[in-house]
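Please read the following report with the sequence and the model open beside it.

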Amino acid sequence: MKAGIVGLPNVGKSTLFNCLSNTKAQSANFPFCTIDPNIGLVNIPDERLNKLVELVAPEKIVPNSVEIVDIAGLVKGASKGEGLGNQFLSNIRETNAIIHVLRCYHDENITHVEGSVDPLRDKEIIDFELKLKDLETIEKRKEKISRAAKTGDKNSIIELNLLEKLITIINDGNSINSSSLSVDENNLIKSMSLLSIKPVLYVCNVDEKNIKSPSDELKSIVSNLKTTGSNVIVLAAKTEEEINELDNYDDRKMFLEDLGLSESGASKLIKETHNLLNLSTFYTAGKKEVRAWTFKKGSKAPQVAGIIHTDFEKGFIKADVIKYNDYINFGSELKVKEAGKLKTEGKEYVVIDGDIINFKFNT
């Protein structure tokens, strides 16, 4: 799971990265401070994992994680190579999701590449550049497929019709929405790794004052973003960075309580990114190790077993499943079994978020 932090220069991308990761990215008041993408592996906050650890007391704990990439700032014309455009766009192509940072605070000491603070305009600049790059990718693909389509190849004709449909959508100023395409159409365009259809989480980067008391301007921006069906969170990256630098848990908790928050924005952002990718979590729990695993929602037991090891999927026999709430209520695997709450499931079982599973397989 890999998410890229994107945005115009000087909107707080590197500051946000710093509060998400122990890898401290350089942060400075000038465009293109980030040239090579900084990468950090960030653990996903998980209260369920913590409770399982309390009950099991394992020798080892392995949480879920997400790879966060701090990508160089984009400017107008990036799709044509302006600024660090080509590098920026190729870095995005390698990610599964986009964390798009929008500057929603005013500070005369920090320059804005467009000369003024306007988050919705900034959003449109990046959206437009991603669409233009996708248009270029699609047109190149069309040139190649057209030759095969002229020979009468049925699959090439089907793909050519889809490519022409996508070109029309972009030229009409609209966005390609993968949910409006059929399964077959989505499979056809998968190899192109289009940028504008990647799932996006918009992060409104505000000052501390707007965390405590959101302004009407901020409320309007968030409302506008949500009307398009976008995923949005609000956080103060600079404040989050300060919280992250506190070593003591109680000090961090006091800081958050002073802001009227039950959890940090960084913690919420990581969880939202996980959800954005349609991912869920299952657990394995034993004295040697308690571990959280990521799986795609809707996956069946053998597929999920294969996440642990390919041999588990190939030789799948059955899955012993305990529901998370049952494990917590009864306090141990043994007591769950005694209460008749452990269920043995077969190949057609669809794994549920929070399941604690022990897979049986043939070697």
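Asn10 has a relative accessibility of 13%, and because the cut-off for a buried residue is under 20%, Asn10 counts as buried. The model is a predicted one, and in it Asn10 lies in the loop between strand S1, residues 2-6, and helix H1, residues 13-20. Although Asn10 is not a glycine, its phi is positive, at about 60°. As background, most residues other than glycine have a negative phi.

Asn278 also has a positive phi of about 60° without being a glycine. This residue is found in the loop between helix H11, residues 265-276, and strand S8. Is Asn278 buried, partly exposed or exposed? With a relative accessible area of 38%, Asn278 is partly exposed.

| Residue | Relative accessibility | Class |
|---|---|---|
| Asn10 | 13% | buried |
| Asn278 | 38% | partly exposed |

What does Gly315 touch, when residues up to four places away in sequence are not counted? Its contacts are then Lys360, Phe361 and Asn362. Gly315 and Lys360 are 45 residues apart along the chain, yet their C-alpha atoms are separated by 8.3 Å.

**Strand S10 and its partners**

Strand S10 covers residues 316-322 and is mostly covered, since five of its seven residues are buried. It pairs with strand S12, residues 356-361, in the antiparallel sense over six bridges, and within this pairing the bridge partner of Ala319 is Phe359 in S12. S10 is also joined to strand S11, residues 343-345, by three bridges, and these two strands run antiparallel as well.

Helix H12, residues 301-308, can be described through its buried residues, which are Ala301, Pro302, Val304, Ala305 and Gly306. These buried residues pack against strand S8 (279-285), strand S9 (289-296), helix H13 (310-314), and the strands S10 and S12.

**Aromatic rings**

How many aromatic pairs does a search of the whole structure find? The search finds five. Ring pairs link Phe282, Trp293, Phe295, Phe316 and Phe359 into a cluster, and Phe359 is the residue already named as the bridge partner of Ala319. Charged side chains also sit over rings: Arg291 lies over the face of Trp293, at 4.1 Å from the ring centre, while the charged end of Arg48 sits over the ring of Tyr324, 6.0 Å from its centre.

**The six-stranded sheet**

Six strands form an open sheet with mixed pairing, and their order is S2-S4-S1-S5-S6-S7. Strand S2 (38-43) and strand S7 (231-235) stand at the edges with a single partner strand each, so one side of each is left without a neighbour in the sheet. From one strand to the next, the twist averages 25°. Inside this order, strand S5, residues 97-103, and strand S6, residues 200-205, run parallel and are joined by six bridges, and Arg103 stands opposite Asn205 in S6.

**A pair of helices**

Helix H4, residues 119-149, packs with helix H8, residues 216-227, at an angle of about 35°, and their axes are 10 Å apart. On the side of H4 the contact is made by Pro119, Leu120 and Lys123, and on the side of H8 by Ile221, Asn224 and Leu225. By type, the residues of this contact divide into four nonpolar, one polar and one charged.

**The chain as a whole**

The secondary structure of the protein chain comes to 15 helices and twelve strands, and along its principal axes the C-alpha trace spans about 65 × 65 × 35 Å. Of the 363 residues in the chain, 45% are buried. When contacts with a separation of 6 or more are considered, residues 24 or more positions apart account for 69% of them.

Note on methods
Residues numbered from 1 in each chain as written. Predicted model: local features only at pLDDT ≥ 70, side-chain atom pairs only at ≥ 80, totals over all residues. Heavy atoms only, no water. Buried < 20%, exposed > 50% of the residue type's maximum accessible area, 1.4 Å probe, protein only. Helix = DSSP H or I, 4+ residues; strand = E, 2+ residues; numbered from the N terminus. Pairing = 2+ DSSP bridges. Phe/Tyr/Trp six-rings, centres within 6.5 Å; stacked < 30°, edge-to-face > 60°. Lys NZ or Arg CZ within 6 Å of the ring centre and 35° of its normal. Axes fitted to C-alpha atoms, helices over the stretch in contact; angles between N-to-C directions. Contact = heavy atoms within 4.5 Å. Nonpolar A, V, L, I, M, F, W, Y, C, P; charged D, E, K, R; others polar.
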